[in-house]
Amino acid sequence: MTTQFVYSFSEGSKELKDLLGGKGANLAEMMRIGIPVPPGFTITTEACKEFLALGVAPLELEIQITKALRELEDEMQKRLGDKRDPLLVSVRSGAKFSMPGMMETILNVGLNDESVQGLIKQTKNPRFAWDAYRRLIQMYGKTVLGIEGQKFAAELDKAKKDQGVVDDHQLSVESLSKLVETFKNIVFQESGKNFPQDPREQMDQSMRAVFNSWNTDRAKLYRRRERIADDLGTAVNIGTMVFGNMGEDSGTGVCFTRDPATGELGAYGDYLQNAQGEDVVSGIRNTLSLEDLGRLHPEVFSELRGIMYNLETHYRDLCDIEFTIERGKLWILQTRVGKRTASAAFRIAMQLVDEHIITMDEALVRVNGGQLAQLMFPQFDMRNAPKAITKGMAASPGAAVGKAVFDSETATTWAENGERVILLRRETNPDDLGGMIAAVGILTSRGGKTSHAAVVARGMGKVAVCGAEELEVNENEKFAKVGSLRINEGDYISIDGSTGEVFNVEIPVEPSTIVRYLTDGIADASEGKEDGTRELIRSVDRLLRHADRRRKLRVRANADTDLDAAVARKFGAEGIGLCRTEHMFLGERRVLIERVILAKNNEHREEALAALLPLQREDFFNIFKEMDGHTTTIRLLDPPLHEFLPNLADLKVKSALARERNQVVEADERLLYEVEKMYESNPMLGLRGVRLGLVSPGLYELQVRAIAEAMADRIASGANPKVEIMIPLVGSHMELKITRLAAEEVIQEVARERKIELPIEIGTMIELPRAALTANRIGLVADFFSFGTNDLTQTTWGFSRDDVEAEFFAKYLELGVFTISPFETIDQSGVGELLIIATERGKSVNPNLHFGVCGEHGGDPESIHFFHKVGLDYVSCSPFRVPIARLEAGRAAVS
């Protein structure tokens, strides 16, 4: 059976987007519902794929194009390139997904030295005809022949200068006819060929150029960035030319059925008299408003408004429409669902609900978590901003302004004195946590989106720019340089976590109204704001509430302190899915864990543990207080060991200096011996998690006792704490079994002491491939699985997250190995498959198991849809991503 490669505009519909591309499908749909569309036909994406695979157009395609072209000629009663009354066509790209400016368009195909004379006779407008011809040669030379566009632009500018005019449309007939000859000479000189006079050759070569433009570097880069598949191909639309440059009663424009920036109702757009569409897009002339069009051509404007209304009703969404007026006749050249700002997306979705055009479920699908994130983070007022001094990776969105500081202690001290500070480091480590909490933003010269600085910043809702490689940071002398520009401690800097830009001045910051709404309520957030802001707040509120009603996934937060827990509850978290107890022992407390690990004997170990117990109990008590009635999942200690031991290099230097001076201290030498004995080449895969609990007697038992006692204290006060204990880094069911038995013994002991029941579930974090594959055994001794997708991604791929991103991820993205970092969005075919296996095998032996995710992916929109599909019970993410997770979980349920 012969493949149909060509469809008339009258044959298709919007449902054939895969085959006809977005533009072709919408042209067919508009023709189907009676919108005035210039006739034409679409060459399908399948034809493009065949062409790209073979390197030539299939013979059957050539035959089908001939048939479609003759039918078009009969309909228009003109012939392509006829010297008396020529049919002229446009050749435009049209992929399934919009790729603005990435692929090619050629207009006025069919003009040559003879047909331009016929066009002059038919239109009685020689200026228009010569202008159309020079445009064709210019577009054809650049697009089909690959001639540098500037060569044509320079001659055009020279012609305007010679004639003493500013705009293209002011050029005389003589100037334009000379320009045609000049352009033809450029074509010959640059390509070695004359500009083709055969109209069919023009059309066929233009089609091939559009097909080839699918694989240009810019198109491939755009697809990687937008995560569009490389194997879709583009359609080609051959449409009858209509002309907006035929005089003052002609023109061209673009309009929107609502304001794409704000969502306001009305007619928004630009119009140019006596111009072709490219003039509007290129910005070479100042445009008029649609209101101006209404004054110039009231009847055409009225017809356009009616079409806008009909298209929005038909597509049930904001429409972006391109139109041309040819001698008073309105033609619609294209429509598509219009792109919009985050603010407009929420407002328009709810407007359409209130106008009874879409349902609440449909409105939920019209917005997304990425848009909500944009609304939540503060923004710079860039109206008078200077040029950025450097740029890094946009690691955690928002805008932050403060004084540069170069160490955690200074950041904390200055912040306590009321200063806003930016912590500026080569890279951060866990000991910087205090300074990171104190700072309003974090700037590093190393690292990427999943570096320590980035991950922690996102978790805390802090602005972060990472990997600003031009920045030379001297932490010891407390200054940084970009070239010859120096930043001293105390100098103001501004960082934009949404763009990665860094400025060496204070830039005004506009706070996020949406965060105020989420934390303080609608009335407070909208106080003193204009109607548009109040409408936005109401729209976000309604959509989040609807998402909560529809979602199957519960949303918890990753929170390590009572302050984190309080923020999480305000943002709508239904519990804590990950409380990382090792974060409770950074900074000054670190030495307490160090004493436990390096204890000489049981007596010293017991003393060290006794010092830890009241601190841990108070930590847990305060968290349970904030989360009363909601589950708190506490992960027992899981630190890479080096983070809780003295620095080996520092100890060696100290020992060497002491020996040199004959001032050896026995305690220092013993400490060096113990640290050397425990040194690990790869601490991320060393003595951590459950392994540390098993070889450090009493450590996990201490934590379990603190949890149980804090829970008992809360129950005694009349509260309702709900607690789970999570054992990290389990690879064998025996590790979990041994640890669980010890934990249960402690819980029962506390319950007996307090004469109270302590219903604490015990589960594990699945973060090793072996744990996922042996889930049928681990599931027998677990009450729940929580997937630690950060480490599961590391161990599945064999990546060290802290090292590899800056080294080769950029190259992997460039080569297409990744479309996005697997630490940002779950690797469904690898890591995701392990989740599916673990879930199925765990359920097979323990139907009561419940499942969650507590890695960074728990707040990633695309990953949340995958977790919904897998059938997990909850996701857990940083407090500031909770609203995003709520929204996306609702979208996953309705889409």
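**Aromatic rings and a buried glycine in a predicted model**

Colleague: Is Phe 571 buried or exposed?
Modeller: In this predicted model, Phe 571 has a relative accessibility of 1%. The limit for a buried residue is under 20%. With its value of 1%, Phe 571 therefore counts as buried.

Colleague: How many aromatic pairs does the count come to?
Modeller: Two rings pair if their centres lie within 6.5 Å. By this rule, the number of aromatic pairs is 18.

Colleague: Which term describes the pair of Phe 51 and Phe 211?
Modeller: The ring centres of Phe 51 and Phe 211 are 5.3 Å apart, and their planes meet at 40°. Planes under 30 degrees apart would count as stacked and those over 60 as edge-to-face. The angle of 40° falls in the remaining class, so this pair is tilted.

Colleague: How many residues apart in sequence are the parts that Phe 51 and Phe 211 tie together?
Modeller: Phe 51 belongs to helix α2 (residues 45-54), whereas Phe 211 belongs to helix α8 (residues 199-212). The pair therefore ties together parts whose separation in sequence, in residues, is 160.

Colleague: What is the angle between the planes of Phe 571 and Phe 880?
Modeller: These two residues form an aromatic pair, with 5.2 Å from centre to centre. The pair is tilted, and the angle between the planes is 55°.

Colleague: How many residues apart in sequence are the parts tied together by Phe 571 and Phe 880?
Modeller: Phe 571 lies in the loop between α22 (562-570) and β27 (575-580). Phe 880 lies in the loop between β33 (874-877) and α36 (882-894). The pair thus ties together parts with a sequence separation, in residues, of 309.

Colleague: Over the face of which residue does Arg 223 lie?
Modeller: The distance from Arg 223 to the ring centre is 3.9 Å. A charge may sit over a ring if it is within 6 Å of the centre and within 35 degrees of the ring normal.

Colleague: How far apart in space are Gly 441 and Gly 497, C-alpha to C-alpha?
Modeller: Gly 441 lies in strand β18 (residues 441-444) and is buried, at 0% relative accessible area. Among the residues that Gly 441 touches are Ala 400, Val 421 and Ile 495. In sequence, Gly 441 and Gly 497 are 56 residues apart; in space, their C-alpha distance is 8.7 Å.

Notes
Residues numbered from 1 in each chain as written. Predicted model: local features only at pLDDT ≥ 70, side-chain atom pairs only at ≥ 80, totals over all residues. Heavy atoms only, no water. Phe/Tyr/Trp six-rings, centres within 6.5 Å; stacked < 30°, edge-to-face > 60°. Helix = DSSP H or I, 4+ residues; strand = E, 2+ residues; numbered from the N terminus. Buried < 20%, exposed > 50% of the residue type's maximum accessible area, 1.4 Å probe, protein only. Contact = heavy atoms within 4.5 Å. Lists of a residue's contacts leave out its neighbours within four places in sequence.
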